[in-house]
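Grab a pencil and work through these exercises with the model open beside you. Try each task before you read its solution.

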Amino acid sequence: MVNYLLKRLLMMIPLLVGITIITFAVIHVTPGEPVEMQVAMNPRVSAESRERLRKFYELDKPLHVQYCHWVSRLVRLDFGRSFSPDGRPVIAKIRERLPVTVNINLIALILEFGLAIPIGVMAATHRDGPLDRWTTVFVFLGFATPLFWLCLLLMYLFGVKLGWLPISGLHSLGYRSHGLWWQLLDMGKHLLLPISVATFGSLAGLSRYMRGSMVEVLGQDYITTARAKGLSERTVVYRHALRNALLPAITLLGLSVPGLIGGSVIFESIFSIPGMGQLFYQGVMARDYPLVMGVLVITAVLTLIGNLLADVAYAAADPRIRHGRGETP
Amino acid sequence: MSRSQGTLRELVWRRYRGNRFAVAGALVVLAMFLLAILAPVITPYGPNSLDAYHVLLPPSPAHWFGTDEVGRDVFTRMVYGARISLTVGFVAIGIATLIGTVVGLVSGYYGGWVDSLLMRFVDIMFCFPTFFLILAVITLREPSILNIMLIIGLTGWMGVARLVRAEVLSIRERDYVTAARAIGCSDLRIIFRHIMPNALGPVLVYATLGVSAAILTESSLSFLGIGVPPPTPSWGNILTSGKEFLEFAWWLFLFPGLAITVTSLSYYLVGEGLRDALDPRLNR
């Protein structure tokens, strides 16, 4: 296990380097200079101060020098200062926003697995029955519905027509004057719609995946053996089949991280939720280069960590992986 | 080959035809294309003709899907928007499939360090939330229809690459490839004449499903105001004003959203139908 972990950790190093190179390239290969934006906004900036700005951000140096400096600062978790008027360090901004997005996505992820596993199992055990057909319809709709449109529909229905739920932000006005329980309930109401949308977004894919995985396992010889031994269908499905069908879902957990974070741009900007997605959206709109680069690197590294955790969990659950056998070439 | 069984193509077609959902999907896709091509014939209005006297009107016989905040006919804008949305979906996935296929073929056929290098690159690209990458590149460059297609394509090829590589790895070992090598075929000829045609089925399925995803991505971008630049209509940017007038004008957000969902669903059904028709063992 220790060997496996070490190998996995070593493999992350080239990926980390690659992530920084791509992030750097995305920003610097595009035409236009970061400083131009700041300068264009302010007509009083002289050519001299423009040079000073360029020097400050090291834009007068060759690209590889800029890259090396940037990475050496990254290692010390220094992401530079935001270009926005408040000029705060990027890391402080991200630290403030990250928990909101991570918490929403964690809750959504738990709901998603909690719903997708029973849906997938039921569809697989009642294959080609009406239940299976209805879940298939639901799954297809889930793939085809644009998330932002779903946000609009829910806002219209529950916010505008029925007036049951607030449609923007995390808190009501003046929430601080109320007790703790009131505040929690208030936040819950604000988060109900965004969390539902985030859950729905990947529920379809996961339940389809669970169905496929379950169908495959149910066709294996050891399931026939278990049935032949006279075990009840319940034991066969939940003790013998489900365990093995769940294994691949662990990997999916790691792979779903970038999709979840990417999707947060949409619901966070529609529901005005101050999370990473909204921060990133505002950052690109304002051409806040240090912020954009910082968010890109951090989300990619989060994905890497998510994959690592999923692989480790998989190895812990499946001895074939950690002993290096049964590995696909 | 016996007459009753027919060629492989006939067999696939017969299986596809047997799937009602897949046929319905194909018909809807076809209808959307017809609407898009025949746009000027279908509607008397122009996509950008303003009408200050008929602002935010609900659906009526004159304006089937109502009018927007500057008096433009929503149905007309949707029909013209179909041109953009369908083109973007198609071209973007064309680019992604092309890059992915080439990378997958090279990676799977040559193996060794070329394979490791390319697959690590795929791993790295998979680490970024695709939507973040697209957002960053598109706002730093110019949001234009061409750029959107390019960027969706450049960030969406990794899945195809992995798929093609896996196919090539298994095809490479078959006897007819060994035979081709034995009679002295060049690498290029083996890759493109003998391996690629046999790997195309899954790629076709993947690409069809990809069109559905690309249409969703384009509409999300346009909705956020960084996709197809107004006044050119796209289903996504009509929805932008739909959000703005959410409280007064349900027709502004209902119809374009339905159009996106139905189109994307249809492509999805076609893709699934193709998958079942090409390989009935899958997913059964």
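**Exercise 1. Which residues of H6(A) are buried, and what do they pack against?**

Step 1. List the buried residues. In H6(A) they are Thr135(A), Val139(A), Phe140(A), Phe143(A) and Ala144(A). Keep in mind that this is a predicted model.

Step 2. Look at the numbering of your list. An α-helix has 3.6 residues a turn, so residues three or four places apart point the same way.

Step 3. Find the partners. Within chain A, the buried residues of H6(A) pack against H5 and helix H8 (180-218). From chain B, H10 and H12 take part as well.

Step 4. Check the length. H6(A) has 15 residues and spans 21 Å from its first C-alpha to its last. That is close to the 21 Å expected at 1.5 Å a residue.

**Exercise 2. Describe the make-up of each chain.**

Step 1. Count the elements. Chain A has 13 helices and zero strands, while chain B has twelve helices and zero strands.

Step 2. Work out how much is buried. In chain A, buried residues make up 33% of the 329 residues. In chain B, they make up 44% of the 284 residues.

Step 3. Ask how far apart in sequence the contacting residues are. Take contacts between residues at least 6 apart in sequence: in chain A, 70% of them join residues at least 24 apart. For chain B, that share is 69%.

Step 4. Along the principal axes, its C-alpha atoms fill roughly 75 × 50 × 30 Å.

**Exercise 3. Asp128(A): buried or exposed?**

Step 1. Locate the residue. Asp128(A) sits in the loop between helix H5 (90-125) and helix H6 (130-144) of chain A.

Step 2. Count its neighbours. Asp128(A) has 10 other C-beta atoms within 10 Å. The cut-off for exposed is 12 or fewer, so Asp128(A) is exposed.

Step 3. Check the backbone. Phi of Asp128(A) is near 65 degrees, which is a positive value in a residue other than glycine.

Step 4. Ser272(A) has 13 C-beta neighbours inside 10 Å, so it counts as partly exposed.

**Exercise 4. Where is Pro231(B), and what is the peptide bond from Pro230(B) like?**

Step 1. Find the loop. Pro231(B) lies between helix H10 (187-223) and helix H11 (235-244) of chain B.

Step 2. Look at omega. The peptide bond from Pro230(B) to Pro231(B) has omega near 10 degrees, and it is cis.

**Exercise 5. Describe two helix pairs.**

Step 1. Decide what to report. Two packed helices are described by the angle between their axes and the distance between the axes.

Step 2. Start with a pair from two chains. The axes of helix H7 (residues 147-161) of chain A and helix H12 (residues 250-278) of chain B come within 10 Å and cross at roughly 145 degrees. The crossing of H7(A) and H12(B) is left-handed.

Step 3. Name who meets whom. On H7(A) you'll find Trp149(A), Leu152(A) and Tyr156(A), and they meet Trp250(B), Phe253(B), Gly257(B) and Ile260(B) of H12(B). Sorted by class, the residues of this contact are six nonpolar, one polar and no charged.

Step 4. Now stay inside chain B. Helix H8 (residues 158-171) and H10(B) have axes that come within 9 Å and cross at roughly 145 degrees. This time, the crossing is right-handed. The contact of H8(B) with H10(B) has ten nonpolar, two polar and one charged residues.

**Exercise 6. How many residues of chain B are in contact with chain A?**

Step 1. Count both sides. 38 residues of chain B touch 39 residues of chain A.

Step 2. Find the helices involved. Helix H5 (112-127), helix H6 (130-140), H10, H11 and H12 of chain B each supply at least two residues to chain B's side.

Step 3. Sort that side by class. You get 23 nonpolar, ten polar and five charged residues.

Notes: Residues numbered from 1 in each chain as written. Chains lettered and ligands numbered in written order. Predicted model: local features only at pLDDT ≥ 70, side-chain atom pairs only at ≥ 80, totals over all residues. Helix = DSSP H or I, 4+ residues; strand = E, 2+ residues; numbered from the N terminus. Buried ≥ 20, exposed ≤ 12 C-beta atoms within 10 Å, placed from the backbone. Contact = placed C-beta atoms within 7 Å. Axes fitted to C-alpha atoms, helices over the stretch in contact; angles between N-to-C directions. Left-handed = near helix turned anticlockwise from the far one by under 90°. Nonpolar A, V, L, I, M, F, W, Y, C, P; charged D, E, K, R; others polar. Expected span 1.5 Å × (residues − 1).
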